[in-house]
Amino acid sequence: MDELIEVRRSRRVRRWTLTVPWGDPPVLTVPQWMREPDIQSVVEEHREWIAAERAKQRPKLGLDPRDVSEIDARRSARELITMLAEEEALELGVAYKRIEIRDQRTRWGSCSTRGTLSFNWRLVLAPYDVLDYVVVHELCHIREPNHSRRFWRLVETRRPGWRAHRDWLHQHGPELLAFRPAA
Ligand SMILES: [Zn+2]
């Protein structure tokens, strides 16, 4: 059966984009001015593509929503991330204000200009080294706010194996971000 596609009109886009998020309906974002028949033809022309994208989205992490409590996971995320951040901030010679554990749909972590580090609680469900990499990545942003060469050189000095962890997130991130505990 064809999936229901959510159409969003936006004043900020110049052309349409189609995404097929894990566990959510496909989203077609179109420019405000796009005509209804043109939208329908984009939808019809991409039915097969959507089905193919869906077919690739087979769960590989073996996560069972009944096995995970969000409260417990958030607590362990906070403990683990705080411990790692304290250690690594000393090594890097940087200071942060506080750590927030969040329920984000699209990101793993962020670093505000005011020194607040935010992390997605789902990182505790990733391999330990991946979580560790995300913490180090955000702390490096205190010294280098952008993803410049200097930023990556800094990450490299702290975690020479960072590429493998970034690749893990590319490969499994969408599945993990879509994960929702049962209760
Ligand atoms: Zn970054």
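Predicted model: local features only at pLDDT ≥ 70, side-chain atom pairs only at ≥ 80, totals over all residues.
I kept to residue numbers that run from 1 along each chain as its sequence is written. Local features needed pLDDT of at least 70 and side-chain atom pairs pLDDT 80 or more, while totals for linings use all residues, and side-chain values use heavy atoms, without hydrogens and water.

Entry, largest pocket. I looked up its space, which is about 410 Å³; a pocket here is an open set of points on a 1 Å grid over the protein atoms alone, where a 1.4 Å probe fits, with protein on both sides within 12 Å along at least five of seven lines, and lining residues have an atom within 4 Å of a point. Of its 16 lining residues, Val20, Pro21, Trp22, Arg105 and Thr106 are the closest to the centre. I found that α2 (47-56) and α6 (162-177) are the elements giving two or more residues to this lining, helices being DSSP runs of H or I with at least four residues and strands runs of E with at least two.

Entry, second largest pocket. I noted about 360 Å³ of space and 19 lining residues, with Trp108, His137, Glu138, His147 and Leu169 nearest the centre. At least two lining residues come from each of β5 (109-111), α4 (128-143) and α6.

Entry, helix pair. I checked α4 against α5 (residues 149-158), and their axes, lines fitted to C-alpha atoms over the stretch in contact, come within 10 Å and cross at roughly 135 degrees.

Conventions: Points joined across faces, edges and corners; volume = space filled by probe spheres on them. Axes fitted to C-alpha atoms, helices over the stretch in contact; angles between N-to-C directions.
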